[in-house]
Amino acid sequence: MAIRVLIINRQLVFAVTLKQALEQTGTFDVHPFTTAEAAFDFLRDHPQDVALVDFALPGRFGAKTIQQLR
């Protein structure tokens, strides 16, 4: 079973590059988002194992985003 990884990063190119690199290993199933709100909507129906979060998201504090993810 693949490890489910959620990426929230304001730079889409970075998030997609990381997704491609991780998925090439065959171990990860990665879902990138550029906003926390979109990621939270996705999480309602798709639980994840790990989250990689950009702490400098526009209009959000990283610690608050982590707290909401928990």
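Helices (H or I, at least four residues) and strands (E, at least two) are taken here as DSSP runs, numbered from the N terminus. By that count, the chain has three helices and three strands, and along the sequence they follow the pattern β-α-β-α-β-α. The radius of gyration is 12 Å, close to the 11 Å that the globule rule gives for 70 residues, so the chain is as compact as a globular protein of that length; the radius is taken over C-alpha atoms, and the rule is 2.2 Å times the number of residues to the power 0.38.

Before going further, a word on the model: it is predicted, with local features needing pLDDT of at least 70 and side-chain atom pairs counting only at pLDDT 80 or more, while totals for chains, interfaces and linings use all residues. Residues are numbered from 1 along each chain as its sequence is written, and side-chain values use heavy atoms, leaving out hydrogens and water.

Let's start with the sheet. Its three strands form an open sheet in the order β2-β1-β3, with parallel pairing; two strands pair if DSSP finds at least two bridges between them. The edges are β2 (28–33) and β3 (50–53), each of which pairs on one side only. Neighbouring strands are turned by 20° against each other on average, direction ignored; the axes are lines fitted to C-alpha atoms, for helices over the stretch in contact, and angles run from 0 to 180 degrees between N-to-C directions.

Now look at strand β1 (residues 3–8), which is joined to β3 by four bridges. On that side, I7 stands opposite L52 in β3. Towards β2, the parallel pairing of β1 has six bridges, and R4 stands opposite D29 in β2.

Next come the helices. Helix α1 (residues 12–24) packs on the sheet and touches β1, β2 and β3, its direction making about 175° with that of β2; contact means heavy atoms within 4.5 Å. Together, β1, α1 and β2 make a right-handed β-α-β unit: with the strands pointing away from the viewer, the path from the first strand over the helix to the second runs clockwise. Helix α3 (residues 62–69) lies across β1 and β3, running at about 165° to β3.

Finally, step back to the whole chain. Its C-alpha trace spans about 35 × 25 × 15 Å along the principal axes. Of the contacts with a separation of 6 or more, 65% are between residues 24 or more positions apart.
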